[in-house]
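Please look over the sequence and the structure below before reading on. The paragraphs that follow lead from the ligand to the sheet and then to one residue in a loop.

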Amino acid sequence: MATVELKAVSKIYGTTIRAVDSVDLSIADGEFVVLVGPSGCGKSTTLRMIAGLEDLSGGTISIGNRIVNDVPPKDRNIAMVFQNYALYPHLNVRQNLSFGLERRRTFKSRWRGIWDSTYRTQRHAERLAITARVDAAAHTLGIEHLLNRPPRELSGGQRQRVAVGRALVRDPAVFLFDEPLSNLDALLRGEMRTELRILHRSLQSTMVYVTHDQEEAMSLADRMVVMKDGIVQQIGSPAEIYERPANRFVAGFIGTPPMNMLAGSVTADSVGGLTFHWNQCEFPLCKRWVGAELSAIDQNSLTLGIRPDRLMIVPIDEKQDSPSVTGHVVTIERYGPLADIVALVNGKRVISRTATDALGAIREGDAITLRLEIQYAHMFRADGSAITSPRN
Ligand code: ADP
């Protein structure tokens with residue numbers, strides 16, 4: 001186990017492509033950290049630099065307090081699991097698992113065993129140790145029954161387990177995962193996620209994991225690092241990032257369906273109350289925004305962010321004390337107990353996630369009133385940064 005420390009790490013391809021831009025990140029011993037962001041945000045490059053598969057253009061990377069910038073991958077005490085499994089097709093599962101552990105036997109060493117009995121004994125002990133490690137890893141991952149099969153006779157999920165097993169037997173200080181579940185179907189991905197969490201809990205190893213899938217990141221991470229255009233946008237626990245996104249990008253990227261972004265403006269009345277104006281609608285902002293830094297910024301270009309599950313469906317003729325908007329339903333998508341309603345309010349789209357039971361008789365095309373649970377709203381400046389409210 002080890003800490004991993006990135007200080008001002010950058011990667012520039014050619015002269016112009018700034019793939020990773022001055023990333024600072026401290027990963028604690030035994031922590032499960034997930035790098036997440038859209039395709040091309042620099043997460044794989046960051047992981048590959050930790051692994052030693054890419055040189056740095058700037059900054060330093062330390063593993064276990066040792067700067068490893070110039071240390072080759074094999075000497076970094078890391079193991080990497082790839083999306084494409086990278087198994088040897090001509091070796092069976094046991095051989096795939098033990099491959100990295102077997103000391104390379106040269107022609108000389110093969111002959112040496114004939115006349116050097118100490119060497120022979122040593123080799124035998126090593127082989128027993130390797131067999132024990134492979135057996136233990138196979139047991140942990142539930143693939144003992146597959147040990148004699150070649151990779152072509154395995155399902156995608158089984159192959160991925162073998163790929164994880166190959167990292168496991170090496171007992172590395174740090175595990176690195178590069179989108180390891182992307183090739184699996186949704187059901188299996190869910191199962192493997194759970195298994196990886198359990199594995200992490202039992203090994204308590206440092207793990208760094210890359211994915212573009214924000215749900216996967218949320219479900220796996222102790223801490224998430226959200227990236228965009230090579231720049232870290234926010235680092236925090238899944239709950240922190242979901243509840244207190246640092247900016248509009250993070251707020252829109254994390255959460256399904258994405259947060260509704262209502263671009264509008266704020267006015268203050270004579271007694272200090274605040275009203276948000278959006279798309280010919282007006283709603284009073286709850287008290288927690290009064291006294292926030294709202295007064296000191298450009299009030300004409302603000303965005304109010306509200307998650308779909310905070311936009312609640314209400315009976316059309318019910319008098320509303322809290323802010324609400326009225327529009328009509330474009331589509332309803334049902335996911336078992338939950339349903340997503342896409343509605344148009346004065347020509348602008350909003351999404352509400354609701355309990356299917358609450359839909360009642362509402363059909364596509366019907367008029368609908370949606371109540372904003374404004375106390376859960378987020379507010380963003382014109383440059384996208386979040387305005388911290390007193391609640392935060
Ligand atoms: P992600 O893993 O987030 O999808 P990458 O780290 O693979 O993103 O890539 C980050 C950026 O660097 C992208 O713009 C990508 O096109 C670029 N890039 C990655 N590898 C190379 C390379 N070998 N040569 C040039 N550009 C690259």
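**Around the ligand**

Two elements, β2 (17-27) and α1 (43-51), each supply at least two residues of the shell around the ligand; helices (H or I, at least four residues) and strands (E, at least two) are DSSP runs, numbered from the N terminus. This is a predicted model, in which local features need pLDDT of at least 70 and side-chain atom pairs count only at pLDDT 80 or more, while totals for chains, interfaces and linings use all residues. Residues are numbered from 1 along each chain as its sequence is written, and side-chain values use heavy atoms, with hydrogens and water left out.

The residues around the ligand are Y13, I17, A19, P38, S39, G40, C41, G42, K43, S44 and T45, where a residue is near a molecule or strand if one of its heavy atoms lies within 4 Å of it. Of the elements, α1 gives the most to this shell, with three residues. Sorted by class, the shell has five nonpolar, five polar and one charged residues; Ala, Val, Leu, Ile, Met, Phe, Trp, Tyr, Cys and Pro count as nonpolar, Asp, Glu, Lys and Arg as charged, and the others, Gly among them, as polar.

A nitrogen atom of the ligand is 3.5 Å from an N or O atom in the side chain of Y13, an oxygen atom of the ligand is 3.0 Å from a polar backbone atom of C41, and a polar side-chain atom of S44 lies 2.7 Å from an oxygen atom of the ligand. On its own the ligand has 560 Å² of accessible area, of which the protein covers 59%; accessible areas come from the Shrake-Rupley method with a 1.4 Å probe, and for residues only the protein chains shown count as cover.

Six strands form an open sheet in the order β6-β7-β8-β3-β9-β10, with mixed pairing, and two strands pair if DSSP finds at least two bridges between them. The edge strands, β6 (78-81) and β10 (231-236), each pair on one side only. Within this sheet, strand β3 (residues 32-36) is joined by four bridges to strand β9 (residues 223-228), and the two run parallel. In this pair, L35 stands opposite V225 in β9.

In the loop between β2 and β3 the reader will find E31. Why does E31 count as buried? Its relative accessible area is 11%, and buried means under 20% relative accessible area, exposed over 50%, and partly exposed in between (1.4 Å probe, protein chains only). The side chain of E31 also makes a polar contact with the side chain of R223 (2.5 Å); a polar contact is a pair of N or O atoms within 3.5 Å, and within protein one must be able to donate a hydrogen and the other to accept it, while residues adjacent in sequence count only if both atoms are side-chain atoms.
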